[in-house]
Amino acid sequence: MIGRMQTAVEYVAESASPWGELKLLGGSANPALSEKISAQLRVPLTDTRLRRFADGEINVKIEDSMRGHDVFVIQPTCPPVNEHLMELFIILDALRRASAGRVTAVIPYYGYARKERKTQPREPISAKLVANFITLAGADRLLLLDLHAEAIEGFFDVPTDHLSPFRIFADHLRTLNLHNLTVVAPDAGGGRRAEAVANQLQAPIAFGYKRRPEEDQAEVIAVSGDVKGRDCVVVEDIITTGGTISKLAQSLRLQGAHKVLIAATHPVLTGDAVDRLKKAQIDDVIVTDSVPIAPERLGPPITVLSVAPLLAEAIIRVHENRSVSELFR
Ligand code: R5P
């Protein structure tokens, strides 16, 4: 994959796209990821001034002309979710008014994704509302990574590309010298995600059964599958409070798991989540940089893998009208 990526990057300098010049623009949610994508593509980040008025309102000034260009805006809508969403809307609006040729919102973490359906009467479907706002603000297409629910893609009436980080996890796990591997889905909803990793590693699957007595509280009721004496890798999309995986790690240990590792795409890690993970006797918590982690919170047991090469490769393929799904074959 890396070899192909280098070829693609070399190609970007020379090729003409039907969409004009490739421009990259980063919001304030994850500057390090934007920088890495920029370095990977050898395309500089467009100079963009994001400012706050005294009352907290956001203003943006894009310093270069965007007229007729193929613009990719990198902004995971991680906490503070509402701030980052509003900033994204305002950047998209500025680009549309600046006559950008085409605008792709690159959203490696999609805030409000966990509210993608009604579970009780008189509840919103916030993930759909957010999708409406993103396109209304000016996104012509979307580049997304490991959505909590695949159905969210269908909330958009513009083209979307939904990337999966599972090969990145599988490649890393292969280097860890694990034995008798079992891939664990924390709940039924995580089955497809766990299956994708298990297929790559040719490992069996086990399932957790979780319920939430209160919002943001998790209780693991049972684990079914072969975990005794085995190295177990829990595949998860989001770690928010760390409740789900710490409880699941405890259940797996009680059932005799040899090692417990976590592979989770989006390290949202609210409040004391990092302390909870440290206390949970997890051998390794492998996450991606879709969401930034403050430097003081990094360190064992957390390992961060970068999704920048994957996003860069997808961006260049979208820009050149080439297949993105080929990346996953
Ligand atoms: C929700 O169902 C997600 O897939 C994750 O399980 C959830 O975000 C984890 O949240 P927490 O870390 O707060 O248990």
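Figure 1. The protein exposes about 15,200 Å², of which carbon and sulfur atoms supply 49%. The model shown here and in the views below is predicted. Its side chains include 38 positive and 41 negative ones. The centres of these two sets lie 3 Å apart.

**Figure 2. Fold and dimensions.** Nine helices and 14 strands make up the secondary structure of the protein. Along the principal axes, the C-alpha atoms fill a box of roughly 60 × 50 × 35 Å. The radius of gyration is 20 Å, which agrees with the value near 20 Å that a compact globule of 329 residues would have.

**Figure 3. Burial and contacts.** Of the 329 residues in the protein, 52% are buried. Contacts between residues at least 6 apart in sequence are considered here, and 65% of them join residues at least 24 apart.

**Figure 4. The cis peptide bond between Pro-79 and Pro-80.** Pro-79 and Pro-80 are joined by a cis peptide bond with an omega of about -5 degrees. Pro-80 sits in the loop that runs between strand E4 (70–74) and helix H3 (81–97).

**Figure 5. The cis peptide bond between Pro-300 and Pro-301.** Here the cis bond links Pro-300 to Pro-301, and omega is about 5 degrees. The loop holding Pro-301 lies between two strands, E13 (284–288) and E14 (302–305).

**Figure 6. Asp-146, a buried residue with positive phi.** Asp-146 is not a glycine, yet its phi is positive, at about 35 degrees. The residue belongs to the loop between strand E6 (141–145) and strand E7 (160–163). The relative accessible area of Asp-146 is 5%; buried means under 20%, so the residue counts as buried.

**Figure 7. Asn-177, an exposed residue with positive phi.** Asn-177 is also not a glycine and has a positive phi, of about 60 degrees. Asn-177 has a relative accessibility of 56%, and because exposed means over 50%, it counts as exposed.

Definitions and conventions: Residues numbered from 1 in each chain as written. Predicted model: local features only at pLDDT ≥ 70, side-chain atom pairs only at ≥ 80, totals over all residues. Heavy atoms only, no water. Helix = DSSP H or I, 4+ residues; strand = E, 2+ residues; numbered from the N terminus. Rg over C-alpha atoms; globule rule 2.2 N^0.38 Å. Buried < 20%, exposed > 50% of the residue type's maximum accessible area, 1.4 Å probe, protein only. Contact = heavy atoms within 4.5 Å. Areas by Shrake-Rupley, 256 points an atom, 1.4 Å probe, with all protein chains shown as cover. Lys, Arg positive; Asp, Glu negative; His and termini not counted. Charge placed at Lys NZ, Arg CZ, Asp CG, Glu CD.
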